[in-house]
Amino acid sequence: MALAAARARTLRALSLPRPPARVPVPARSCCSQAGARGALPPGEYRAWRERAARDPAGFWADAARGWLRWDSPFHTAWQPCAPAGSARWFLGGRLNVSVNCLDQHVEKSPNRVALIWERDEPGTAVHVTYRELLDLTCRLANTLKKYGIQKGDRVAIYMSVSPLSVAAMLACARIGAVHNVVFAGFSAESLAGRIMDSGCKAVITYNQGVRGGRTTELKATVDEAVKNCPSIRHVFVAQRTDNKVQMGDRDISLEEEMTKADSICTPESMDSEDMLFMLYTSGSTGKPKGIIHTQAGYLLYAAFTHKYVFDYQQGDIFGCVADIGWITGHSYVVYGPLCNGATSVLFESTPVYPDPGRYWEVVQRLKINQFYGAPTAIRLLLNYGEEWVKKYDRSSLKVLGSVGEPINKEAWQWFYEVVGEGRCALVDTWWQTETGGICIAPRPSEEKAEIIPAMAMRPFFGIVPVLMDENGEVIEGNDVSGALCIAQPWPGMARTIHGDHQRFIDSYFKAFPGYYFTGDSAYRSQKGYYQITGRMDDIINISGHRLGTAEIEDAMADHPDVPETAVVGYPHKIKGEGAFAFIVLKEQTPRVDHIKEELKTIVASKIAKYAVPDHILVVKRLPKTRSGKIMRRLLRKVVTEQSSNMGDVTTLDDPSVVKEIMDAYQKYKEKSSS
């Protein structure tokens, strides 16, 4: 009842006019000519948004019937009276995700390119058709079945980005196994923890990984991990390089077995709410959370958002440069694009290998139409100047996308004006592992509607955001800030945390009963657009003024010599809390003390004097996850001198950065007290 009351309050506040009783969602026609797969009719955005908010069951039922291939139709789209955290979609329906991503496209366009593997070695891209990917998937699926992997079993995938790693995901989906992709940069301890928590029966890996011109010992890491994992029966080893690795009793040569396997594998018919995959995301405390996504709802939402947020048209080359080890790679490298019959780029390398022009050389060579990357990479490349961008032809680009964290205005402007030449829509997307797909972004919108720099802006169809105050009340009107919540379920949302549903409830539905709590704070502008201002634990209360750390960071990032900043709160005897800023300077930047004073002046002029950081510490780099997010809670631990209890650091790109920052802080502290 709390959920129904929340929806009623929220929908009453919507200012959009009531649409006709039925606003149809275009039927799926993914394999026909350009403009297929339900292009948004001109002038229909507001009507679609209103219907999805007021009639989510009807809206998503139409989409699911038109978009997905079903073995058995669903009888109920959504049960709105389900308890918070227990939403279920497309009840009674049965389908297979791999059929939706492969077979149906093979039937009509078998030679269409499904994947372009942009290997680490420049200029060695590999094109894989839908027919070839289906063959690869079926052989891998039959190999798994041969060694006892069945419906419901968990399989860990510890591989670098490649067609084979995509086939491994789809092979699990084909036989009903649950894949658990672990980023191929995690330590053996982190890998073992995820394997043990999920109860995996097998691991699929490479002998080695290749990235940025360097090899990594994937098989050796797996060997170390599975020593402590009694549930593992088999380790399937593929060859990414020609180097030999030691093979043990439970190790199986994957390619050798696949050559013996049948190229036809009958797909398992799965219930809509059966598990598709689990993906671990770091919590602020405690062990990583195994987020569970299910079959139909997740696939529909990933495909729907891929189509409409990026205005994907048949024949486009879609370039999401995320690793498949993260939710962005799951939704916008694999499942969304392949369900839509797209050509998806697999990027194995780094943005600076062999030089800072790598992204843009790939755009020119592959003629990429949509480019989706992280702000941290954009800020990195910004430091190298415009020449590395302008060296290459980017005329194929139509849409740019930003993902991972709020993008600051300087990086947004550079991305838009230099990379996109001021002609490409730039979609700053907000979403989470738990949401399954994009929830707030500038597109879709009415045709040619404004895009405001560094602002996510518009909720996607069926997403009803609300801002909440400290008392748990909905904040009405515009030009307001609060805790960002979502008032009603959507098909792509996670269903639970593996083995701990109560933690799922406590994390996302307890703080504001009747609402999904994102953990983020947001600002709703005078025009009703949304801007993410940071995590709720990144809010500082300075002398009674609540301030998002992202606001201070954005102001400081305007300084030409400061490419990256991170601000955290710390206890202050007089103000309650103060701001402590960590900054990264461009190489060989002189006059450090002068720059610090300039930064204080910028913050004072852009926000207010009370927002000026009390301390500014120069560091060589910031602690980032492998998906590019800055782990500000670790910085908070440093400045509050709780470094003995750092919590989960397994998602850091390089854990040694913690000691590096702690040493810099200690020197700063000693210098300040002398």
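## A first look at this chain

Leaving aside neighbours within four places in sequence, Thr328 is in contact (heavy atoms within 4.5 Å) with Cys320, Ala322, Val333, Tyr372, Val403 and Trp431. What you have here is a predicted model, where local features need pLDDT of at least 70 and side-chain atom pairs count only at pLDDT 80 or more, while totals for chains, interfaces and linings use all residues. Residues are numbered from 1 along each chain as its sequence is written, and side-chain values use heavy atoms, with hydrogens and water left out.

**Around Thr328**

- Thr328 sits in helix α11, which covers residues 327-339; helices (H or I, at least four residues) and strands (E, at least two) are DSSP runs, numbered from the N terminus.
- Is Thr328 buried or exposed? With a relative accessible area of 11%, Thr328 is buried; buried means under 20% relative accessible area, exposed means over 50%, and partly exposed is in between (1.4 Å probe, protein chains only).

**The whole chain**

- There are 20 helices and 32 strands in the chain.
- The radius of gyration (taken over C-alpha atoms) is 24 Å, close to the 26 Å that the globule rule gives for 674 residues, so the chain is as compact as a globular protein of that length. That rule is 2.2 Å times the number of residues to the power 0.38.
- Along the principal axes, the C-alpha atoms fill a box of roughly 70 × 65 × 50 Å.
- Of the 674 residues, 61% count as buried.
- Take the contacts with a separation of 6 or more: residues 24 or more positions apart account for 71% of them.
- The accessible surface (Shrake-Rupley method, 1.4 Å probe; for residues, only the protein chains shown count as cover) comes to about 25600 Å², and 50% of that belongs to carbon and sulfur atoms.

**Cores and packing**

- A nonpolar core is a set of buried Ala, Val, Leu, Ile, Met, Phe, Trp, Tyr and Cys residues joined through side-chain atoms within 4.5 Å. The largest one has 138 residues, and those with the most contacts inside it are Trp60, Phe90, Leu140, Ile204, Phe304, Tyr335 and Leu338.
- Which residues of helix α16 (residues 501-508) are buried? They are Arg503, Phe504, Ile505 and Tyr508, and they pack against β15 (289-294), β25 (496-497) and β26 (516-524).

- Most residues other than glycine have a negative phi, and most peptide bonds are trans. Here are some exceptions.
- The peptide bond from Tyr353 to Pro354 is cis, with omega near 0°; Pro354 is in the loop between β17 (343-347) and α12 (358-366).
- Another cis bond runs from Arg443 to Pro444, with omega near 10°, and Pro444 has its place in the loop between β21 (440-441) and β22 (458-459).
- Lys448 lies in the loop between β21 and β22 and has a positive phi of about 60°, although it is not a glycine. Lys448 counts as exposed, at 77% relative accessibility.
- Met457 also lies in the loop between β21 and β22, and its phi is positive too, at about 75°, although Met457 is not a glycine. Met457 is buried, with a relative accessible area of 0%.
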